[in-house]
Amino acid sequence: MKKGDLISFKPVEHDSYDDWSNPAIVLRQCFPTHPQMWVVWCEGDKCVIDEDDYDVVHLTTSSQESA
């Protein structure tokens, strides 16, 4: 994932289609020491998701380029 990506996520242990989040935008990595943790904006709130504990689907990818 990278800043600006539009994603949907759900806890790994949930199998229902209804468990997927509404679209969320990736804001930033949570901590440099934990690169798998991300802050996302979803339904008007900031949330923290962990790539180890959540399934993530990319809906779009950011067009931002690293300098």
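Reply:
**Cysteines and the sheet around them**

Cys-47 is partly exposed, with a relative accessible area of 25%; buried means under 20%, exposed over 50% and partly exposed in between, using a 1.4 Å probe and protein chains only. The model is predicted, so local features need pLDDT of at least 70 and side-chain atom pairs count only at pLDDT 80 or more, whereas totals for chains, interfaces and linings use all residues. Residues are numbered from 1 along each chain as its sequence is written, and side-chain values use heavy atoms, with hydrogens and water left out.

The structure holds zero disulfides, a disulfide being a pair of cysteine sulfur atoms within 2.5 Å. Cys-30 is in no such pair, and the cysteine sulfur nearest to its own, in Cys-47, is 12 Å away. For Cys-47 the closest cysteine sulfur belongs to Cys-42, at 5.3 Å, which is too far for a bond. Cys-30 counts as buried because its relative accessibility is 14%.

Cys-42 also belongs to the largest nonpolar core, together with Ile-7, Phe-9, Ala-24, Val-26, Trp-38, Val-40 and Ile-49, eight residues in all. A nonpolar core here is a set of buried Ala, Val, Leu, Ile, Met, Phe, Trp, Tyr and Cys residues joined through side-chain atoms within 4.5 Å. Two or more residues of this core come from each of β1 (6-11), β2 (24-31) and β3 (34-42). The largest share, three residues, is that of β3. Strands are DSSP runs of E with at least two residues, and helices are runs of H or I with at least four, numbered from the N terminus.

Contacts, meaning heavy atoms within 4.5 Å, tie this region to residues further along the chain. Leaving aside residues up to four places away in sequence, Val-26 touches Met-1, Lys-2, Lys-3, Gly-4, Asp-5, Ile-7, Trp-38, Val-39 and Val-40. Ser-21, in the loop between β1 and β2, is in contact with Ser-8, Phe-9 and Cys-42 once its neighbours within four places are set aside. Ser-21 is counted as buried because its relative accessibility is 17%. Glu-13 lies in the loop between β1 and β2 as well, but Glu-13 is exposed, with a relative accessible area of 60%. The C-alpha atom of Glu-13 is 9.0 Å from that of Asp-55, 42 residues apart along the chain.

The strands themselves form an open sheet of five, in the order β4-β3-β2-β1-β5, with antiparallel pairing; two strands pair if DSSP finds at least two bridges between them. β4 (45-50) and β5 (54-60) are the edge strands, each pairing on one side only. From one strand to the next the twist averages 40 degrees, with axes as lines fitted to C-alpha atoms (for helices over the stretch in contact) and angles running from 0 to 180 degrees between N-to-C directions.

Bridge counts describe the individual pairs. β2 and β3 are antiparallel over five bridges, and Phe-31 has His-34 of β3 as its bridge partner. β1 is joined to β2 by two bridges, again antiparallel, with Leu-6 partnered by Ile-25 of β2. Six bridges join β1 to β5, also antiparallel, and there the partner of Ser-8 is Val-57 in β5.
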